[in-house]
Amino acid sequence: MKASTMVHDANQIASFFASYPREEAIAGVTDHLKKFWERRMRNQIVQYVAEDGSGLHDLVLEAVKHLR
């Protein structure tokens, strides 16, 4: 997946959960990534965050920590 598409998609998920309490929002983003993203997509976002994670919503950045 193109990095720009991945960032957009992940940020859309974060936008949905943004109105939830912070810990619940992080859990919601993490759960969504685990349930609906293929392993290669999850690996790609983990690598992207390890490199710099630019453009990702802070909820996504926190959620990715739980994917490792």
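How many residues apart are Lys 35 and Asp 31 in helix H2? They are four residues apart in H2 (residues 22-36), which puts about one helical turn between them. Helices here are DSSP runs (H or I, at least four residues), numbered from the N terminus. An α-helix has 3.6 residues a turn, so residues three or four places apart point the same way.

Before going on, a word on the model: it is predicted, with local features needing pLDDT of at least 70 and side-chain atom pairs counting only at pLDDT 80 or more, while totals for chains, interfaces and linings use all residues. Residues are numbered from 1 along each chain as its sequence is written, and side-chain values use heavy atoms, leaving out hydrogens and water.

Back to our pair. Lys 35 and Asp 31 form a salt bridge at 3.3 Å, N to O; the term asks for a side-chain nitrogen of Lys or Arg within 4 Å of a carboxyl oxygen of Asp or Glu. Lys 35 is exposed at 57% relative accessible area, while Asp 31 is partly exposed at 35%. For these labels, buried is under 20%, exposed is over 50%, and partly exposed lies in between (1.4 Å probe, protein chains only).

The whole structure holds four salt bridges. Another of them joins Lys 65 to Glu 62 at 3.0 Å, N to O, and these two sit three residues apart in helix H4 (residues 58-65), again about one helical turn. Glu 38 also pairs with Arg 40, with the closest N and O atoms 2.9 Å apart.

The largest nonpolar core has 21 residues, and Val 29, Trp 37, Ile 45, Leu 56 and Val 60 touch the most other members. Such a core is a set of buried Ala, Val, Leu, Ile, Met, Phe, Trp, Tyr and Cys residues joined through side-chain atoms within 4.5 Å. H1 (3-17), H2, H3 (39-51) and H4 each supply at least two residues of this core, and H1 gives the most, with six. Beyond four places in sequence, the contacts of Trp 37 (heavy atoms within 4.5 Å) include Met 6, Ile 13 and Ile 45.

Met 41, Arg 42, Ile 45, Tyr 48 and Val 49 are buried. Seen down the axis, the buried residues of H3 fall within an arc of 125 degrees (taken from the directions from the helix axis to the C-beta atoms), so they line one face of the helix. H1, H2 and H4 are among what covers them. On the other side, Arg 39, Arg 40, Ala 50 and Glu 51 are exposed. Just after H3, Gly 53 takes a positive phi of about 65 degrees.
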